[in-house]
Amino acid sequence: MLDVGKSNVKLLVVGKDGVIHDEAKLENESQPGPPYQHLNTQRIWRWLRDAMPPLARRYVIDAIVPTTHGATAAWVDKNDLVMPVLDYEQAIPQSVVESFDEICPDFSETFTPKLPVGMNLGSQIFWLQRDFKKELVRTEHILAYPQYL
């Protein structure tokens with residue numbers, strides 16, 4: 001299992017019985033920007049390239065299951081990220097929050113509560129599409145963070 005948490009990134013070797021047999025860990029850190037507070041995906045990729053082979057030599061790996069923040073997405077083109085992966089703790093400008101609130105359906109329709117900072121993926125997408133149009137023109141897909149990883 002690849003668990004990308006806010007504080008740590010962990011590779012866990014989990015047996016079919018659910019027992020954790022081994023792990024590798026990296027302290028996770030965000031970057032302050034520009035253009036906004038974002039996740040250090042390059043550092044995570046470098047660590048994964050180093051941490052996976054020793055585990056694969058010691059264990060038979062049947063699957064890798066990525067888990068991450070629910071309010072995190074990657075904007076990608078054919079080859080790479082178009083923009084850095086926004087950290088969900090990045091405050092979204094108040095004008096964006098107000099505009100998003102005007103168009104966002106009620107909780108009874110979306111089952112998504114109003115959350116602070118960038119903890120709502122819809123508000124993140126709304127902000128980036130509104131204020132970073134030029135940068136996002138190459139985007140082919142918006143992937144949930146586990147899908148990107």
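Reply: Two strands pair if DSSP finds at least two bridges between them. Strands (E, at least two residues) and helices (H or I, at least four) are DSSP runs, numbered from the N terminus. E2 and E3 run antiparallel, joined by seven bridges. Val-14 has Ile-20 in E3 as its bridge partner. Five residues separate the two strands of this hairpin, and Gly-18 in the turn has a positive phi of about 85°.

The model is predicted: local features need pLDDT of at least 70 and side-chain atom pairs 80 or more, while totals for chains, interfaces and linings use all residues. Residues are numbered from 1 along each chain as its sequence is written, and side-chain values use heavy atoms, without hydrogens and water. The average pLDDT (the predictor's confidence in each residue, 0 to 100) is 94, and 100% of the residues score at least 70. Strand E3 (residues 20-27) has the highest mean among the elements, 97; helix H6 (residues 145-148) has the lowest, 90.

Now the core. A nonpolar core is a set of buried Ala, Val, Leu, Ile, Met, Phe, Trp, Tyr and Cys residues joined through side-chain atoms within 4.5 Å. Buried means under 20% relative accessible area (1.4 Å probe, protein chains only). The largest core has 20 residues, and Val-9, Leu-11, Ile-44, Trp-47, Tyr-145 and Tyr-148 have the most contacts inside it. E1, E2, E3, H1, E7 and H6 each give two or more residues. H1 gives the most, five.

Trp-47 touches (heavy atoms within 4.5 Å) Val-9, Lys-10, Leu-11, Ala-24, Lys-25 and Leu-26, leaving aside residues up to four places away in sequence.

Conventions
Buried < 20%, exposed > 50% of the residue type's maximum accessible area, 1.4 Å probe, protein only.
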